[in-house]
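Please look over the sequence and the model shown below, and then read the report that follows, which goes from one part of the structure to the next.

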Amino acid sequence: MVAILEKHSLRDFDWLTTVLAVAIACFGVWQIYNAVPTASIWSKQIIGLSIAIFAFLVVAFTDYRRIIEAAPIFYGFGLLLLFLVLTPLGVEVNGQKAWLWLPVVGQFQPSEFAKIPTVLMLAKYFGDRKPVPLRFKELLIGGAILAGPVGLIMLEPDAGQAITYFPLLIAILFLSAVKVRYIVATLLAAAILIPTSYYIGVQSGVIKQYQRQRIEAIINPEAVDPRGFGYHTIQSMITVGKGGLAGIQGDTETSQSVLKFLPEPQTDFIFAVTAEHTGFIGCVSLLLAYALLLSRLIAGAREANDRAGMLVIMSIAAGLAFQIFMNIGMTLGILPVIGVPLPLMSAGLSAMLATFIAIGFVVSIKMRRFVN
Amino acid sequence: MKLHEQSQNLGLRIVTIQVVAFLLLAVLGVRLYYLQIVRGEHFQERAENQRIRLIPIPAPRGAIFDRNGNILVDSRPTFNVVISKEPLKTIDTDERIPQYSRGLSLEPQVVTERLNAINKQTDFETLILKDNASMQDIAWVEAHSLEYPELRVELQPQRFYPHGKYMAHILGYVGEISPKQLESERWAGLRPGDIIGKGGLEEYYDEFLRGRPGYRKVIVDSRGRIQSEIEVVPPQAGQDMVSTIDLDVQMAAERQIENSASKRGTILAMDSRNGEMLAMASQPSFDPNIFVQGSKTREGRKQIAEYWQDEERPLYNRAIQGRYPPGSTWKIPMSVGGFQSGVMTESSNAFACGGGIQIGSKFTKCMGNHGTPTLIPAISRSCNGYYYRLGLKMEIEGIIDMIETFEYDQRTGIDLPNEKIGQTPKSWRPIVEKREGRWPDIRTVYASIGQDTVVVTPISLLRTISAVGMFGRMYVPHFLKEFRPIVGTEHFDERPGFGFQRPEPKIIEMTPGQQKMIAQGMADAVTGGTARVVNIPGFDVAAKTGTAQDGDPKAGRKDHAWIVTYAPAFNPEIAVIGLIENVGFGGTHAGPAVKGVYEAYLAKKNPQPAEPTEVAKR
């Protein structure tokens, strides 16, 4: 182990990806401070970041192939945690049972962590197969792997988290030679089915009033109940727009989050805080940092030693990209308000830990690209 | 690519995912550019608008004093429960109505009205939900500050009328500006909830009495709670008004009506030399404090409704809004008219009494048989027959000329709102001629003694009597002596002091001889005629009594008792008139009332030496 470390580890360790991830997380701590300067959330986030970096290093220096071998165990463990959330061990916050309290460990959000075993399980299954066009049976099995955690999360219910699981599978299917005509057919079906099912959902009452308002608030935030969900969208847009080119300089006492106009500033709307305080310059820099990080991950995928490693990285990258887009899109008023944290930025130990563990896998895979 | 899977275009598929990811990020970048660069200023403004609030600081209203510096109207501190606008946007107001109503003991309907009003105003943040809050109300608001952060307690000076129902008609009261007034030009720039004068001097001089509100510019959070203060502009108080009222004379007049048989009537006293009103009592009256405090409580509303419904009409100022037949007091302006029309002269002014007059088939009686008196005894003994013949000789045109001379066809110009104009043959003539084809002589006969087609306001009669004593100098009666100046501040201009802009008196033409005869007639009425009851040794009062029929005699209402006076008879300084409704003969009922006012006036003018014991105390 020590020999391995000395030989290629330090040489092949992906310093740039690591520094980039840590830098974004530190930037996030600063924004959490801006969001709620009086509370100690930002200092908790620093502790969380330290724990996350430690976990990241452990994962990065572990051979990912052994972990992928053990994927079914992790997957089963992940499902168990998600199930426990639904038992009296689960903690209910705002009508959602998304949290689990365990002795010693404390309180955490299993739906964040369960993404990793899900990715590993998918990568293990699709990594072993021959490079021939995807068969229908394989597609069904992939769907079944995803259905486990997604189903349990929907029971919490936490639709926002559940949605973030889909890109994990979609990326893997796409890279597992799913036929282009299937993709086209799926896109067409989605174009027809989503509005239709939305309509049916509204009519039948499956889609609840609050969900409908969130969606309609995007189309016209001023018209749809400006006190309710439209209010969040409007306030988020005001906060972002107020930042202007370079952000509010110094005038932090009257910021949107300090005056409590912006809801959930340290978690779901952390990007609005960033926009208010650092302006267009800061926001574009952050987007570029994310783009660079994603590029590094995808470059790692290209160099991966085996198919399973490549799928793990791409699945993680797709998941991150999707979550970034969902969160910032919501903040900028182009997507409905869905409680999805911004990776590496939003306050919360679970998400931070899960993201760093995922990136740890990427680094581990890249580090072993020359090993056979 | 190590995996050698070109058959599946793996490389292309990875690139596709990368491109899609970058495209999504680019969409976000474009949207950011739109929100922050294109629309940045718009959102900055919106953010500012939602965090900056102006909280008005009410300005104290100017006080009103009598001519000797006694306070007639003042302000005292009270507490208001106010409601902020911004937090209301995020709460269900319908739910709050029963809660506020219970907590602050308000009618739900009042709460609803308040909440509707706040939605209409744009500039300011708060509206008064309940004024004159009790200690319980304040405690309730404080105890529920977490539940109802939109409520706050604020100090507010409130108008206080220490003399209650006395002078209520002169002073008026204050209240919130009405929606209709908000639209009028006079109140331009005021906002819902602003306090303005309603009735009396409060209304007439509102723009001077009213202060200019200051404001606090504050930063609030999303629930409307104040975070910090950016700027404070202190209010500028309204100007203090010194009125011409003499509180002692006024209170004497009030008591005289209270002690009268019907307790209804009006007594007015004016300085003959300049038109300054010393007293104006009108009863029954109302308590203006009820209007100030009570319009939002159940009891208060009930009391106000009672005022409006009361058949004795406490809300109306008999002195300027009441129109009464002047009866025999009308003989004074008729005498002047007789001279002016030339039907009588200083040397030739006798008319037969005849115990009355025959017009067609109807004989209209005089009270006695006075032979063929000259003017002086005709006045002092109040001979109707004399005036019947004088009036017929003047003809209705002559009487109308007299009415125009004494301006009974217009307002006196007193500085009070809602003054009424009397009705006279001038206004009746077109109607009568249309209805009856011509103006009948009998109406001229009645008009000669102030009945039938003649009803005038007491204030217009006061003006006439004073002018006759003053050798024809007819002043505009008024209450304003002086508005005191207010110094300017950084935010508000100086408000200079000023007095009443007294117009030149109208001169009623009469020769000194003519004037002296009328004055003599009125003086004789006191010393040996119908008005002996107002005889005051050492102070020569000139007076004329009147007993006026109230409507159709068959209705059975007692006559109105009148007396019009001025003094001293040949060097006047004060004119006092009195009217007591539905009590009977003028000399008997109105006379003592006016005498009481003179006594108060004289007590002030010639103070009695203090009792020795009181001197010792001092």
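A nonpolar core here is a set of buried Ala, Val, Leu, Ile, Met, Phe, Trp, Tyr and Cys residues joined through C-beta atoms within 7 Å, and a residue is buried if 20 or more other C-beta atoms lie within 10 Å of its own, exposed if 12 or fewer, and partly exposed in between. In soluble globular proteins, nonpolar side chains tend to be buried together.

## How the model is read

Residues are numbered from 1 along each chain as its sequence is written, while chains are lettered from A and ligands numbered from 1 in the order in which they are written. Since the model is predicted, local features need pLDDT of at least 70 and side-chain atom pairs count only at pLDDT 80 or more, whereas totals for chains, interfaces and linings use all residues.

## The sheet of five strands in chain B

In chain B, 5 strands form an open sheet in the order β12-β11-β21-β20-β19, with antiparallel pairing; two strands pair if DSSP finds at least two bridges between them. At the edges stand β12 (277-283) and β19 (542-548) of chain B, each with a single partner strand, so one side of each is left without a neighbour in the sheet. Between β19(B) and β20(B) there are 7 bridges, and A548(B) stands opposite H560(B) in β20(B).

Helix α19(B) lies across β11 (265-271), β19, β20 and β21 of chain B and runs at about 145 degrees to β21(B), with axes taken as lines fitted to C-alpha atoms, for helices over the stretch in contact, and angles running from 0 to 180 degrees between N-to-C directions. In the loop between β20 (560-567) and β21 (574-580) of chain B is P568(B), and the peptide bond that joins A567(B) to P568(B) is cis, with omega about -15 degrees.

## A hairpin in chain B

Strand β8 (residues 214-220) of chain B is joined to β9(B) by 6 bridges, and the two run antiparallel. K217(B) stands opposite E231(B) in β9(B), and G224(B), in the hairpin with 5 residues between the strands, takes a positive phi near 85 degrees. Of the 8 residues of β9 (residues 226-233) of chain B, the number buried is 0, so the strand lies largely in the open.

## Where the two chains meet

The contact between the chains takes 39 residues from chain B and 43 residues from chain A. On the side of chain B that touches chain A, α1(B) gives the most, with 17 residues. By class, this side of chain B has 17 nonpolar, 12 polar and 10 charged residues, where Ala, Val, Leu, Ile, Met, Phe, Trp, Tyr, Cys and Pro count as nonpolar, Asp, Glu, Lys and Arg as charged, and the others, Gly among them, as polar.

## Backbone details

Most residues other than glycine have a negative phi, and most peptide bonds are trans. K260(A), however, has a positive phi near 65 degrees, and K260(A) lies in the loop between α13 (229-243) and α14 (270-303) of chain A. With 16 C-beta neighbours inside 10 Å, K260(A) counts as partly exposed. In chain A, the peptide bond from E156(A) to P157(A) is cis, with omega near -10 degrees.

Definitions and conventions:
Helix = DSSP H or I, 4+ residues; strand = E, 2+ residues; numbered from the N terminus. Contact = placed C-beta atoms within 7 Å.
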